[in-house]
Amino acid sequence: EPDFFPDSRGFFFESFSREKYSEIGITAEFVQDNISKSAKNTLRGLHYQAGGFAQGKLCQVITGKVLDVAVDIRFGSPTFGRHFSVELSGDNHRQIWIPPGFAHGFSVLSEEAIFSYKCTARYDKQSERGIIYNDESLGIDWKVEAPIVSEKDLKAKSFSEIEKEFFFV
């Protein structure tokens, strides 16, 4: 949770400091920043990249509110197949670090949301993978009634079909 400084003009907060993040164990080098804008009930994910293009992501919401979800896909991990979710918003200024070896997605809980994330590897179409958002074995409550999902995400694999591309070390 970054330090946040509001005043009569608005606010200021440092969204990234290599030194501060290194002190808490995030030493990744970021090579790409992404921003998406999404309408209420949009669900993006669950996405990941394999091989040398596996991405770590530092995520935050600029405006609006989302439920952010990470699923451990590291074969052999004690938390393999389990997920973690957290509400990120323009009001709470929280960030989440999602290391390589996790699938990631989010659902939009507000009228719209602007989502920002720093990545440790560039996007590579051939390395792109996905897990269907509503896989029953994952048991994720996305907190949206009728999610708006891309055609590509609707064609994603089930969790049981993912390849062994990540291993717990």
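**Exercise 1. The largest cavity**

Task: In this predicted model, find which residues line the largest cavity and say which strand gives the largest share of the lining.

Solution. 
Step 1. List the lining: His47, Tyr48, Gln49, Ala54, Gln55, Lys57, Ile98, Pro100, Gly101, Phe102, His104 and Phe166.
Step 2. Assign residues to strands. β4 and β9 each supply at least two residues of this lining. The largest share, three residues, comes from β4.
Step 3. Sort the lining by class: six residues are nonpolar, five are polar and one is charged.
Step 4. Searching the whole structure gives one cavity of 30 Å³ or more.

**Exercise 2. The largest pocket**

Task: Describe the largest pocket by its volume, by the residues nearest its centre and by the elements that supply its lining.

Solution. 
Step 1. The volume of the largest pocket is about 400 Å³.
Step 2. Its lining has 22 residues, and those nearest the centre are His47, Lys57, Tyr117, Glu128 and Lys152.
Step 3. At least two lining residues each come from β3, β4 (43–49), β9 (102–108), β10 and α2 (151–154). β4 gives the most, with five residues.
Step 4. By class, the lining of this pocket holds seven nonpolar, ten polar and five charged residues.

**Exercise 3. The second largest pocket**

Task: Give the volume of the second largest pocket, the residues closest to its centre and the classes in its lining.

Solution. 
Step 1. The second largest pocket contains about 230 Å³ of space.
Step 2. It is lined by 13 residues, with Glu1, Pro2, Lys20, Tyr21 and Gln95 closest to the centre.
Step 3. Two elements, α1 (18–23) and β8, each supply at least two residues of the lining.
Step 4. The classes in this lining are seven nonpolar, one polar and five charged residues.

**Exercise 4. The open sheet**

Task: State the strand order of the four-stranded open sheet, name its edge strands and find the bridge partner of Gln60 in β10.

Solution. 
Step 1. The order is β3-β10-β5-β8, and the pairing is antiparallel.
Step 2. β3 (32–39) and β8 (95–98) are the edge strands, since each of them pairs on one side only.
Step 3. From one strand to the next, the twist averages 25°.
Step 4. Take the pair β5 (residues 57–63) and β10 (residues 112–119): these strands are antiparallel and joined over six bridges.
Step 5. Within β10, Ser116 is the bridge partner of Gln60.

Key:
Residues are numbered from 1 along each chain as its sequence is written. This is a predicted model: local features need pLDDT of at least 70, side-chain atom pairs count only at pLDDT 80 or more; totals for chains, interfaces and linings use all residues. Side-chain values use heavy atoms; hydrogens and water are left out. Two strands pair if DSSP finds at least two bridges between them. Axes are lines fitted to C-alpha atoms, for helices over the stretch in contact, and angles run from 0 to 180 degrees between N-to-C directions. On a 1 Å grid over the protein atoms alone, a cavity is a set of points where a 1.4 Å probe fits but cannot get out, and a pocket is an open set with protein on both sides within 12 Å along at least five of seven lines; lining residues have an atom within 4 Å of a point. Grid points are joined across faces, edges and corners, and a volume is the space filled by probe spheres set on the points. Ala, Val, Leu, Ile, Met, Phe, Trp, Tyr, Cys and Pro count as nonpolar, Asp, Glu, Lys and Arg as charged, and the others, Gly among them, as polar.
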